Amino acid sequence: NPVGLIGTTALMLVLVVVAFGPLLAPYDPQAFHVTRRLQGPSLEFWLGTDQFGRDLLSRILHGGRPPVLFGLGATAVAILVGAFYGMISGYFGGKLDALLMRLLDVLLAIPALLFTLLIVSVLGAGMLNAMLAVAISFAPGFARLARASALSLRQSDFVAAAVARGEGGGYILFREMLPNLVPPLIVEGSIRVSLAIMIGATLSYLGLGAQAPASDWGLLVAEARDYLFRYTGLLVFPALAIGIS
């Protein structure tokens, strides 16, 4: 499958950068080469240099780990929060379910990026706050998915058998229902990770995520704006890395 092959190749490339990027970097990402500022690709600097003469390839390789870990961390937190919220709502149903779902409807009505910007503006700039903001904005979607699965699972025979044995609500939720909620949540989470990486890069671009002198890809794109017409690759290569992720 050509599409699957391309996707697998891109995924493997990202994993290599995340795992071995700092080891593969030919230079220190913060090392200045003042006589080599804003140079294009060459045998010495394969992707050229930035406004301070720093090797762009080294900065991209060092900057790959933070956005990917950001996306994975934000999605994992969102899955945990959303799964618990959705299970409670779907299992108990009734007025509690109606109340919890109306709260979710309010949150889902706000676009994820706008909601994330609102939360970051309250918590303050920084990668940890940005990750928490993305997790909060993603959690309602996972909650709706978990609720839909919980509504179906509570009618199943193994849940009825657990109730007949006299098991408590906590046991049924975490021992009977939660394992069956994991597969759809993982599938949804795999899709959300790439969106989380994009939102994290956007926050860094806006100055609300990673801060200089970090090598975060979104921050590299932001720093390249003033030098776009002197060396286009300064913006193109980090943006391409974000797109592949």
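A crossing of two helices is called left-handed if the near helix is turned anticlockwise from the far one by less than a right angle.

What we have on screen is a predicted model. The chain has ten helices and zero strands, so in this DSSP-based assignment the pattern along the sequence reads α-α-α-α-α-α-α-α-α-α. Along the principal axes, the C-alpha atoms fill a box of roughly 75 × 40 × 30 Å.

First, α9 and α10. Helix α9 covers residues 217–224 and helix α10 covers residues 233–244. Their axes are 8 Å apart, and the packing angle is about 155°. Angles over 145 degrees count as roughly antiparallel, and α9 and α10 are therefore roughly antiparallel to each other. The crossing of α9 past α10 is left-handed.

Which residues of α9 and α10 meet? On the α9 side they are Trp 217, Gly 218, Leu 220, Val 221 and Ala 224. On the α10 side they are Leu 234, Leu 235, Pro 238, Ala 239, Ala 241 and Ile 242. By class, this contact of α9 with α10 has ten nonpolar residues, one polar and no charged.

Next, α3 and α4. Helix α3 runs over residues 65–92 and helix α4 over residues 94–108. They pack at an angle of about 145°, with axes 7 Å apart. Here too the crossing, α3 past α4, is left-handed. From α3, the contact uses Tyr 85, Ile 88, Ser 89, Gly 90 and Phe 92. From α4 come Gly 94, Leu 96, Asp 97, Leu 100, Met 101, Leu 103 and Leu 104. The classes in the contact of α3 with α4 are eight nonpolar, three polar and one charged.

Last, empty space. Rolling a probe the size of a water molecule over the atoms shows where such space is left. How many cavities of 30 Å³ or more are there? The count comes to one. The largest cavity holds about 40 Å³ of space. Its lining consists of Asp 50, Gln 51, Leu 56, Arg 59, Leu 220, Glu 223, Ala 224 and Leu 234. By class, the lining of the largest cavity divides into four nonpolar, one polar and three charged residues.

Back to α9 for a moment: Leu 220 and Ala 224 are among its residues that meet α10, and both also line the largest cavity. On the α10 side, Leu 234 is in the contact with α9 and in the cavity lining.

Methods:
Residues numbered from 1 in each chain as written. Predicted model: local features only at pLDDT ≥ 70, side-chain atom pairs only at ≥ 80, totals over all residues. Heavy atoms only, no water. Axes fitted to C-alpha atoms, helices over the stretch in contact; angles between N-to-C directions. Helix = DSSP H or I, 4+ residues; strand = E, 2+ residues; numbered from the N terminus. Parallel < 35°, antiparallel > 145°, perpendicular 65-115°, else oblique. Contact = heavy atoms within 4.5 Å. Nonpolar A, V, L, I, M, F, W, Y, C, P; charged D, E, K, R; others polar. 1 Å grid on protein atoms, 1.4 Å probe; cavity = no way out; pocket = protein on both sides within 12 Å on 5 of 7 lines; lining within 4 Å. Points joined across faces, edges and corners; volume = space filled by probe spheres on them.
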